[in-house]
Amino acid sequence: MSGRGRVPGAPVAALCLLLVSPVACGGGPVADGTRAEVQALLDRRAAAVLGRDAAGHARTGTRAGFDHLRAVPLAHWSYRVTALDRTGDTATVSADLRYRVEGHDRSPVTTARTLRLSRDADGRWSVASDRPARTSGQQLWDQGPVRVVRGERGLVLGVGRTDAELRDYAGLADRAVPAVSDAWGPDWPRSVVVLVPRSLEGMAGLLGSPASSYRGIAAVTTGETGTGPRAPADRIIVNPDAFGLLGDSGRQVVLTHEATHVATRAHTSAATPLWLSEGFADWVGHRGGGHAPAETAPELAHAVSRGEVPAALPADEDFGFSGDAGRLARAYESGWTACRLIAERWGEERLGAFYRAVGAHRQRKGAVEDAMDRVLGTTVEEFTARWRDYVRDRLG
């Protein structure tokens with residue numbers, strides 16, 4: 001997960017006593033039969049979602065959530081039962097929900113769900129509830145009816161938002177995508193999916209984390225790294241509370257920053273340090289903005305004015321959403337100045353090549369060192385010294 005930070009047993013032995021509990025043991029014909037019945041039920045439920053069949057969906061159990069999905073353009077929706085715990089006429093089912101948003105996801109998104117089931121007097125199972133698994137975040141439709149606005153270069157989905165509000169986000173995305181392509185190149189999907197929940201709490205629910213972790217964070221981008229071109233589309237998740245405090249230019253910087261993460265995802269790996277991934281995204285977001293460096297990096301400029309020039313590029317832990325806003329801002333600004341230095345000293349094309357070269361490594365160790373040597377013709381020590389001089393000169 002990437003975000004713009006200013007404004008993710010022991011083995012158990014079971015003894016099955018047929019006369020006491022004929023349905024509670026995994027692996028036997030009774031349990032296998034129940035699992036098959038439940039899978040068939042969820043297959044019918046999924047078909048009803050895809051077919052917009054309200055009556056068919058209602059026949060499988062609760063309709064909760066069905067109407068919330070009406071506007072979402074779905075190309076795929078399916079469940080796969082992964083575990084079943086039955087007690088008499090009730091059951092708890094763990095299942096993987098796989099879905100694909102039409103026109104954006106090139107392969108399905110997978111999320112874990114927990115379903116409660118009950119069986120009637122005729123032996124038919126039905127769904128009583130369908131919720132995110134304890135270890136998974138919510139989906140947007142878990143929070144209410146989803147509104148959808150299509151832009152020229154993306155899709156905006158919101159809960160508790162007007163169409164006019166969502167059109168504003170679509171406009172930001174429409175401007176962000178070509179700006180990213182101009183800086184990074186055309187080798188990415190060149191479209192984005194933006195999720196706009198009702199509040200900070202809604203954002204935290206989508207991420208499966210406490211709201212306190214994201215207070216003041218305007219947006220984050222979630223996605224899968226290392227899965228190639230068939231990965232599902234990334235999601236840009238907005239914190240409307242923080243985003244609403246930004247001016248027009250600030251909002252555009254944030255959306256462009258997050259769209260950059262979407263563009264660079266295929267070339268971002270465990271080898272990529274956060275100073276590079278976040279710094280590059282900020283560089284694209286501010287590219288061509290015309291602001292003086294001290295205006296773009298006020299926290300770092302203030303530190304330099306006190307004689308506190310950073311000794312080294314920020315570590316990954318400096319980007320943690322820990323509540324220390326000043327430290328977080330300085331980390332982002334340090335990454336931005338490092339990428340700005342590369343663009344000015346070696347050229348914008350060389351900056352993109354450096355990013356790709358780092359991400360091509362399988363592990364962090366030696367990745368930056370090798371890329372700096374091959375692409376920039378320098379060492380980490382030499383670059384760090386040059387960067388410290390650059391920060392002192394531009395922000396002092």
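Is the crossing of α3 and α6 left-handed or right-handed? In this predicted model, the crossing of these two helices turns out to be right-handed. Helix α3 spans residues 163–184 and helix α6 covers residues 248–264. Their axes come within 8 Å and cross at roughly 55°.

A closer look at the contact shows who meets whom. From α3, the residues involved are L172, R175, A176, A179, V180 and W184. On the side of α6, they meet R251, Q252, L255, T256, A259, T260, A263 and T264.

Four of them form an open sheet in the order β2-β3-β4-β5, and their pairing is antiparallel. Strands β2 (74–87) and β5 (125–132) stand at the edges, where each has a single partner strand, so one side of each is left without a neighbour in the sheet. On average, and with direction ignored, neighbouring strands of this sheet are turned by 30° against each other. In general, strands of a sheet pair through backbone hydrogen bonds, in either a parallel or an antiparallel manner.

Strand β4, made up of residues 109–119, runs antiparallel to β5, and seven bridges join the two. Within this pairing, T114 stands opposite R131 in β5.

Key: Residues are numbered from 1 along each chain as its sequence is written. This is a predicted model: local features need pLDDT of at least 70, side-chain atom pairs count only at pLDDT 80 or more; totals for chains, interfaces and linings use all residues. Side-chain values use heavy atoms; hydrogens and water are left out. Two strands pair if DSSP finds at least two bridges between them. Helices (H or I, at least four residues) and strands (E, at least two) are DSSP runs, numbered from the N terminus. Axes are lines fitted to C-alpha atoms, for helices over the stretch in contact, and angles run from 0 to 180 degrees between N-to-C directions. A crossing is left-handed if the near helix is turned anticlockwise from the far one by less than a right angle, and right-handed if clockwise. Contact means heavy atoms within 4.5 Å.
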